[in-house]
Amino acid sequence: MPVDQPRPAHNPLEESHIDEVALSTVLRTVPLGAAVLAGSAVALVVLGYLAIYLFVFLPRGIVG
Amino acid sequence: MRGVDRLCLAHLWLAFAAFVGAAVLGVWQMWVRSPLGAHTGTPGDYYMSVTAHGVAMAYVLSTFFIMGFGYFVAVTALQRPLPGQGWAWAAFVAGVIGVVMALVSIALGKASVLFTFYPPLTATPWFYIGLILVVAASWVWCVLMFVSMAAWKRKNPGRPVPLAMFGTVANALMWLWTTAGVAAELLYQVVPAAMGFVQTVDVGLSRTLFSWTLHAIVYFWLIPAYIAFYTMLPRAAGGRLYSDTMGRLTFIFFLIYSLPVGLHHLLMDPEHGNGTKFIQVLLTAFVAAPTVLTIFTIPASLEIAGRLRGGRGVFGWIAALPWDRPMVLASGLSFVMLGFGGLGGLINMAYGMNAMVHNTSWVTAHFHLIYGGTVVIMYFAIAYEIWPRLTGRQHESFSPLRWQLWLWFVGMMVMTLPWHWLGLQGQWRRVANFNYDNPIIASWGPLVIVSLAGGVLLLASALLFVRNLVVLHRSVQPAPTSPLYALAVVPPRHVPAALNGFGLWNVLVLASMLMAYGYPIAQFVIAPSPSAIVHRTE
Amino acid sequence: MTDQPRETHERWVLGTELTWAFGVGVLVAATISIIVFTALTLNINPPSNVERIDPKTLHLSGEFSEQNLGTLVAADGTVTARIIATQFAFVPHCIALPRGRPVTLRLASPDVIHGILITGTNVNTMVVPGYVAQVHTEFTKSGELLMPCHEYCGLGHSEMWATVQVLSAAEFKPDSDGRVSCARR
């Protein structure tokens, strides 16, 4: 067992109130939901970007 | 906490007082621009109002809020008193004097140059000196943030700096770097011209120096919202921060990627060529990285909270979150606005598409949505969260707080979404009154009125916000003693020096600024542009 | 927290973050490639002709003297419109341009910063005193378009705009000097 570092001084504004077992259980699924949500959001933004580029910007004419 | 309570509250009240005044002006401006108020007010009135609105929202609300929040974080995250409180108060007083000088100059009609104050248009020197005082005050704040963190690190060798303070110091460092540009423009070019010491100005140089500040300043405004996302939101939702490391990387990426890309604000300018512009667009793509990390890490943190509360399935955790808590509600609304505002920003920074939107209402709509919406709604949330700890009193009800946040969100979407569309139609910026007899302009009228309605909702929300804080000062509920800052899933015991300080990143910033701005500025020193005559507006 | 779950959690968090970053990185790189490819093949650029000119002597002689302003068809057929942007008007106030032919707009300012856009098109540039702003384009539709000054230039900024008449080949008739004025409507 490696020697642990001295326990950090206690900041009452950072206490943990969460059951570590519950946390471990939940971490078996997380971050699936976040990945789907964030992935969908990024996909929508990219699609919106391409749509505006192809259907609004390019038809307005070439400039250089 | 006692000593710094008054210091924080002073900064925050000044910020929000400026905010409400500016909100009133904003609605008047939208009225005058619309068909409903088409023959009201003179251009003189309008440009005075726009200058005051821009200065108040972009320089006073932001800077003083960030300073007040920073002092709060330095004391509560580091659990130690603020060093140099005398300096902090002196800086506040200097800042107040500066704000008064600037606003009086504007009110007297001697500074209708807008908050971007592009020379050769030149205002009374008192306007610029006022702004310089505000910036100087903020530089004192920066130094106090560095001193705070350094003192804590000496007392806590080998331990990771609490994330909220790490983010605050990253922000302070970025602010020092970015204000160098506008400070150089003001001190070297604009103030001498305003005082009559020089009769001409090199406009290519002034545009370039100002652009140095233009991009990172918006991240200066944004980072406090991200500090709330990473260090307050997971706690408020009842979960844990998914990754402390990603938080640190986010703040570091903002520091190094947002500074060198200011030249993308000059994509339509004739004083720089293709090569510079193309490189700037490529570099700008990197500044999307911290946001991309955040839109995964923060939902993951919320997902922990939602699943702990019983949420099931791919999306069930979302409904399970405690949306009745203002910090959680504001963050959700902020992320929705970030989606739209982010898309708009990606279009602004595009090598080709910038030409479609530059100086149209699209730009105005974009920054109202991304700053006024995504960022300022988090300023409200932070205020609601820390005010109880500053005053010792708790909100008697969260319901008016939620109403205020929803009103802000709906108002911002109603005001800005049609405004983006009008920009694509060619509606241009900074117009005191539109000639609705022209058929092209007349076709815009209905959407301008819709935007105005959004603006009215925003004013209602702004007034309700102040009401909620005033009421809190008289509340009889005692302040919460519950923890404020979030714990990470894996609370760090030790982080590498690169993630605990800024020595390495400072060197990188210096190198990247030299690379990005070295020649673009040097070219004007070697061969100044043909100069333009100073045009006084007083 | 004991060390076993801590290490497991640490690996899981790091792994998922890296997967996310990689996935998004690929998506963003693909999007940028599409944009860069179309920009290079279609030759779309922001206005980047870096050409200096003294704002204090624009009106005296040379390219931007008053008699040289407006649309000119050169002997080789190239169409160039020269416009002065000044507080608070464009000179000339109406600019005639052809549909379906490459045109070049060249603008200069003798006083403060102005800027232009042409409604319905991607024509957009700042006009900075000290520099000639230049935009190349080709109009695809005929009609009457607005060309406002889009950068704040003083109290008269709201009144500062020009008209662009995009004329069909039949209507776009240069006179003996090669000049084209707006058609009477």
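**Figure 1. Leu72(C) and its bridge partner in strand 2 of chain C.** In this predicted model, Leu72(C) has Thr80(C) as its bridge partner in strand 2 of chain C. The two strands concerned, strand 1 (residues 70-73) and strand 2 (residues 79-86) of chain C, run antiparallel and are joined by four bridges. Five residues lie between the strands of this hairpin, and Gly77(C) in the hairpin takes a positive phi near 90 degrees.

**Figure 2. Strand 1 of chain C beside strand 11 of chain C.** Strand 1 of chain C also pairs with strand 11 (residues 179-180) of chain C, in the antiparallel sense and over two bridges. Leu72(C), which has Thr80(C) as its partner in strand 2 of chain C, stands opposite Arg179(C) in strand 11 of chain C. As a general point for reading such views, the side chains of a regular strand alternate between the two faces of the sheet.

**Figure 3. The packing of helix 6 and helix 8 of chain B.** Two packed helices are described by the angle between their axes and the distance between the axes. For helix 6 (residues 203-231) and helix 8 (residues 244-258) of chain B, the axes come within 10 Å and cross at roughly 175 degrees. Because angles over 145 degrees count as roughly antiparallel, helix 6 of chain B and helix 8 of chain B are roughly antiparallel to each other. On the side of helix 6 of chain B, the contact is made by His215(B), Ala216(B), Tyr219(B), Ile223(B), Tyr226(B) and Tyr230(B), while helix 8 of chain B contributes Gly247(B), Thr250(B), Phe251(B), Phe254(B) and Ser258(B). The residues of this contact comprise seven nonpolar and four polar ones, with no charged residue among them.

**Figure 4. The contact between chain A and chain B.** Chain B and chain A each bring 33 residues to this contact. On the side of chain B that touches chain A, helix 10 (288-308), helix 12 (326-348) and helix 13 (354-357) of chain B each supply at least two residues, and helix 10 of chain B gives the most, with eight residues.

**Figure 5. Confidence in chain C and in the complex.** The mean pLDDT of chain C is 92, and 99% of its residues reach 70 or more. Within chain C, confidence is lowest in helix 1 (residues 3-42), at a mean of 86, and highest in strand 6 (residues 114-117), at 98. For the complex, the predictor gives an ipTM of 0.94 and a pTM of 0.95.

Methods: Residues are numbered from 1 along each chain as its sequence is written. Chains are lettered from A and ligands numbered from 1 in the order in which they are written. This is a predicted model: local features need pLDDT of at least 70, side-chain atom pairs count only at pLDDT 80 or more; totals for chains, interfaces and linings use all residues. Two residues are in contact if their C-beta atoms, placed from the backbone, lie within 7 Å. Two strands pair if DSSP finds at least two bridges between them. Axes are lines fitted to C-alpha atoms, for helices over the stretch in contact, and angles run from 0 to 180 degrees between N-to-C directions. Angles under 35 degrees count as roughly parallel, over 145 as roughly antiparallel, 65 to 115 as roughly perpendicular and the rest as oblique. Ala, Val, Leu, Ile, Met, Phe, Trp, Tyr, Cys and Pro count as nonpolar, Asp, Glu, Lys and Arg as charged, and the others, Gly among them, as polar. pLDDT is the predictor's confidence in each residue, from 0 to 100.
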